[in-house]
Amino acid sequence: MIGVAAAQLGYRIHVYAPDSGPANDIAFAHSRGAYDDIAALRAFAAQVDVVTYEFENIAAAPIEALGDKVRPSARSLAIAQDRVREKSFVEQLGGRPARWAKVADRAALDAAIAGVGCPAVLKTTRFGYDGKGQARLLSPADADAAWRAIGDGPAILEAFVDFDHEFSVVLARGTDGTVATYPAPENVHKAGILDTSSVPAPAIEPWRAEAEALAARVADALDHVGVLTLEFFCGADGAVFNEMAPRVHNSGHWTIEGSETSQFENHVRAVLGLPLGSVAMTATRAEMTNLIGDDADQWEALLAESGAHLHLYGKHEARPGRKMGHVTRIER
Ligand code: AMP
């Protein structure tokens, strides 16, 4: 989707990945290499003007070796991909995560349970996504099973938040520090995976301004260039920071049809040093629904539905839990 937005502005994209994936279908060129192969990454970077990334489960050091060509910087990546650094960074800027503790090994888990309490969620420090690398503890008796379930840490233990709603702040920040913040969507997850994102989201309105201000402080403190996303829980505990992503986000997919400038186009504009586009809505309401696993089989009915915009990612195998596409329903 970043590549499609870049092509629309007349740019050619060159994909670097270890395997061939859907992005290759729309790319001008692609290079195959491991994400930590510095020589291969340098050879690739020599052929392009700007390097960006669309997921954060890659090591930051090899990306840092590419220097200023990489936007957002390797620092944004290094902080956002590590739950300990991420939460500490956001706390320093006045954000409020759920009560949490670092869990370096199995012995530290018992101390963390005593401090954080139960129910709680044990999360791997790095490389978790879509609810993977997480285990819930209803009581201290679940400690062994949770530790095994996440594959022996390192991890963090986080208090379970009894939230009313979840939402995210998706913003784009340009090379000149200009920030454009999209209307915040309410997000509903099923089994740890995003199901729907909808705007406008009146239910989250009491917490929106505080969350947007925090997201802008985080973007400025990182000197972030590109799209940045912060996720929140909200309810009786206020706006509780969950996590951030230094990239375009699934909860921003509705912007393709629902906003004057999509998150993908604004990401491209930002990393290329171009002025950002308007983030105003083009619709009165937009709702994005992920098509997970077999959901994508409904494609024919979705094509026939008025106001529905179908996106299929061209992934060959529909495994359970795999995001195969999404549909955005627009009300004008
Ligand atoms: P994450 O990958 O950390 O965003 O977690 C995926 C989803 O699991 C979240 O969007 C929530 O729906 C749920 N979740 C994660 N952490 C917590 C928590 N501390 N309390 C309650 N629900 C959580």
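Start at the ligand. The shell around the ligand has six nonpolar, four polar and five charged residues. Here Ala, Val, Leu, Ile, Met, Phe, Trp, Tyr, Cys and Pro count as nonpolar, Asp, Glu, Lys and Arg as charged, and the others, Gly among them, as polar.

This is a predicted model: local features need pLDDT of at least 70, side-chain atom pairs count only at pLDDT 80 or more, and totals for chains, interfaces and linings use all residues. Residues are numbered from 1 along each chain as its sequence is written, and side-chain values use heavy atoms, with hydrogens and water left out.

Select the surrounding residues next. There are 15, each with a heavy atom within 4 Å of the ligand. The closest are Lys123, Glu158, Val161, Glu166 and Glu243.

Now show the polar contacts (pairs of N or O atoms within 3.5 Å).
- Lys123: a polar side-chain atom sits 2.8 Å from a ligand oxygen.
- Ala159: a backbone N or O atom lies 3.0 Å from a ligand nitrogen.
- Glu243: a side-chain N or O atom is 2.9 Å from a ligand oxygen.

The protein buries 95% of the 470 Å² that the ligand exposes when taken alone (Shrake-Rupley method, 1.4 Å probe).

Color the strands. β4 (120–124), β6 (155–159) and β12 (238–245) each supply at least two shell residues. Strands are DSSP runs of E, at least two residues; helices are runs of H or I, at least four; both are numbered from the N terminus.

Zoom out. The protein chain has eleven helices and 15 strands. Its C-alpha trace spans about 55 × 50 × 40 Å along the principal axes.

Key. A polar contact is a pair of N or O atoms within 3.5 Å; within protein, one must be able to donate a hydrogen and the other to accept it, and residues adjacent in sequence count only if both atoms are side-chain atoms.
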